[in-house]
Amino acid sequence: MSQAASSKTKFLTFEEYLAYDDGTDTRHELVDGELVEMPPESDQNNDIARILLFELAKHFPASLLAYKDTEIEVTGRRARCRLPDLLVHTKDSKAALAGTRRATITRDMPPPALVIEVVSPGQTNRDRDYRYKHTEYAAREILEYWIVDPETKQVTVCQWNNGLYEDAVYGESDPIQSAIVPNFALTPAEIFA
């Protein structure tokens, strides 16, 4: 019997993931029961996320904003949890986290209003943000999901409508239209400047 066939991957349940602590500050996502280490973001992606955070802070109280620190349980073949770059809580999703040990929005909690992902380079990252998270966040009924893409210099705003996302792509000078942030003031050109 080959070594590959004899070794078994230990899949975590969601409860085991919530209790997991390797004693480091390494960030992980849970993908089909497996821990996937999330490497540090590029400086460019961090800058883009901060620009968006500061713009969102003009529209929402700071207590409703989460910057790379709140997870969302989503559905998959096995346990799955995502760590978005930014999110805007609803009052209900924020209240559901009160008294919890960690900032994880589980499936029994109300979803946030908006999730934003800044796409990292590479096809694996593009697939994760454009395909998998698109489906996962729609299944959680998150009202808006923004895919901010430094490579194409576009922002895709996915608006939840009756179980699916309807996507609108905004190019460099296009004003971004959002039901969650109706007075959003930046264009993609300003975000990627």
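Select E117 and I147 in this predicted model: I147 is the bridge partner of E117 in β9.

6 of the 6 residues of β9 are buried, so the strand is largely enclosed by the rest of the structure. Show the side chains and look at each face in turn. In a regular strand, side chains alternate between the two faces of the sheet. On one side of β9 are E144, W146 and V148, and on the other are Y145, I147 and D149; all of these are buried, leaving both faces covered.

From V148, go to D25. The two residues are 123 apart along the chain, and their C-alpha atoms are separated by 26 Å. D25 sits in the loop between α2 and β1. Is D25 buried or exposed? D25 counts as exposed because its relative accessibility is 73%, and the cut-off for exposed is over 50%.

With a relative accessible area of 61%, D21 is exposed.

In β2, E37 is the bridge partner of H28. Select strand β1, residues 27–31, and strand β2, residues 34–38: the strands run antiparallel and are joined by 5 bridges. The hairpin has 2 residues between the strands, and D32 takes a positive phi near 50° there.

- Select K68, which is not a glycine but has a positive phi of about 60°. K68 lies in the loop between β3, residues 65–67, and β4, residues 71–74. Its relative accessible area is 15%, so K68 is buried; the cut-off for buried is under 20%.
- Select N162, another residue other than glycine with a positive phi, here near 55°. N162 is found in the loop between β10, residues 154–161, and β11, residues 164–170. Which side of the cut-offs does N162 fall on, buried or exposed? N162 is exposed, because its relative accessible area is 71%.

To finish, show K68 and N162 together: K68 is buried, whereas N162 is exposed.

Terms used:
Residues numbered from 1 in each chain as written. Predicted model: local features only at pLDDT ≥ 70, side-chain atom pairs only at ≥ 80, totals over all residues. Heavy atoms only, no water. Pairing = 2+ DSSP bridges. Helix = DSSP H or I, 4+ residues; strand = E, 2+ residues; numbered from the N terminus. Buried < 20%, exposed > 50% of the residue type's maximum accessible area, 1.4 Å probe, protein only.
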